[in-house]
Amino acid sequence: MQNTLTYKHACNTIRLLYKNAGFEMPEHSLGEGVASEFNKDISSTPLAALYAFVDEQIALLRLVSFYFLSTSTNGEKNNGMLFYKLTIRQLKTLASIRLQCTYGLDTNARMQLRLLYENSIIWARLRVDDQAQEDFNLATTLELSNNFWHKYFSKSKTEKFLDEEFKKSGHFWIGGANNMIEDLKKM
């Protein structure tokens with residue numbers, strides 16, 4: 001008897017998650033369409049279930065990107081375009097990780113995983129910190145980008161900020177699982 005979750009089990013789980021949330025699902029999940037775009041069958045690999053969830057995330061990021069693009073305006077504070085750009089960066093990075101893992105380039109994928117992590121935490125910070133959002137928009141040169149990184153990323157400043165911010169509001173954020181995150185940083 002197999003002890004790991006198969007690709008088919010993961011796809012069924014994804015469809016059940018949607019169904020339990022009240023969505024009407026077609027025969028195949030959105031991620032199954034993404035899997036076919038990579039043009040390499042991964043359904044029998046040991047990490048096939050993980051690929052199913054990564055592919056679903058890629059599909060969802062595509063949908064979210066359309067939302068942010070449609071909400072962008074020419075107004076003074078263009079959050080739609082800002083979050084559209086972040087979504088596209090996440091989408092590209094996740095697709096890169098998926099492709100590199102598919103071809104056994106694990107070291108390269110781990111470097112991209114760090115980028116995915118940093119994009120994720122800055123996204124969370126930009127959602128709750130207007131000053132960080134303003135500074136992010138102004139970081140248009142190498143020097144300003146470097147200054148932004150030191151102000152918000154070095155020494156886990158954003159993680160600490162988010163821990164405090166979400167502690168005050170009573171919300172949970174996945175970055176609060178600090179042991180997992182520390183293990184990720186060491187990879």
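**Close-ups of helix packing and aromatic rings**

**View 1. Aromatic rings: nine pairs turn up in this predicted model.** Two rings of Phe, Tyr or Trp (its six-membered ring) are a pair here if their centres lie within 6.5 Å. One aromatic cluster brings together Phe136, Phe148, Trp149, Tyr152 and Phe153. Since this is a prediction, local features need pLDDT of at least 70 and side-chain atom pairs count only at pLDDT 80 or more, while totals for chains, interfaces and linings use all residues. Residues are numbered from 1 along each chain as its sequence is written, and side-chain values use heavy atoms, with hydrogens and water left out.

**View 2. Two arginines sit over phenylalanine rings.** Arg98 lies over the face of Phe38, 4.3 Å from the ring centre. Arg127 does likewise with Phe83, at 5.4 Å from the ring centre. To count, NZ of Lys or CZ of Arg has to be within 6 Å of the ring centre and within 35 degrees of the ring normal.

**View 3. Helix 1 meets helix 3.** The axes of helix 1 (residues 7–20) and helix 3 (residues 48–71) come within 7 Å and cross at roughly 40°. Helices here are DSSP runs (H or I, at least four residues), numbered from the N terminus. Their axes are lines fitted to C-alpha atoms over the stretch in contact, and angles run from 0 to 180 degrees between N-to-C directions. So helix 1 and helix 3 are oblique to each other; the label covers whatever is left once angles under 35 degrees are called roughly parallel, over 145 roughly antiparallel and 65 to 115 roughly perpendicular. On the helix 1 side, the contact (heavy atoms within 4.5 Å) uses Tyr7, Ala10, Cys11, Thr13, Ile14 and Tyr18. Helix 3 brings Ala48, Ala49, Ala52, Phe53, Glu56 and Leu60. Sorted by class, that's ten nonpolar, one polar and one charged, where Ala, Val, Leu, Ile, Met, Phe, Trp, Tyr, Cys and Pro are nonpolar, Asp, Glu, Lys and Arg are charged, and the others, Gly among them, are polar.

**View 4. Helix 3 packs on helix 4.** Here the angle is about 160°, with the axes of helix 3 and helix 4 (residues 79–102) 8 Å apart. That makes the two helices roughly antiparallel. Their contact has 15 nonpolar, seven polar and three charged residues.

**View 5. Helix 5 packs on helix 6.** Helix 5 (residues 106–128) and helix 6 (residues 130–138) have axes 6 Å apart, at an angle of about 120°, and are therefore oblique. Ile122, Arg125, Leu126 and Val128 of helix 5 meet Asp130, Ala132, Gln133 and Phe136 of helix 6.

Conventions
Phe/Tyr/Trp six-rings, centres within 6.5 Å; stacked < 30°, edge-to-face > 60°.
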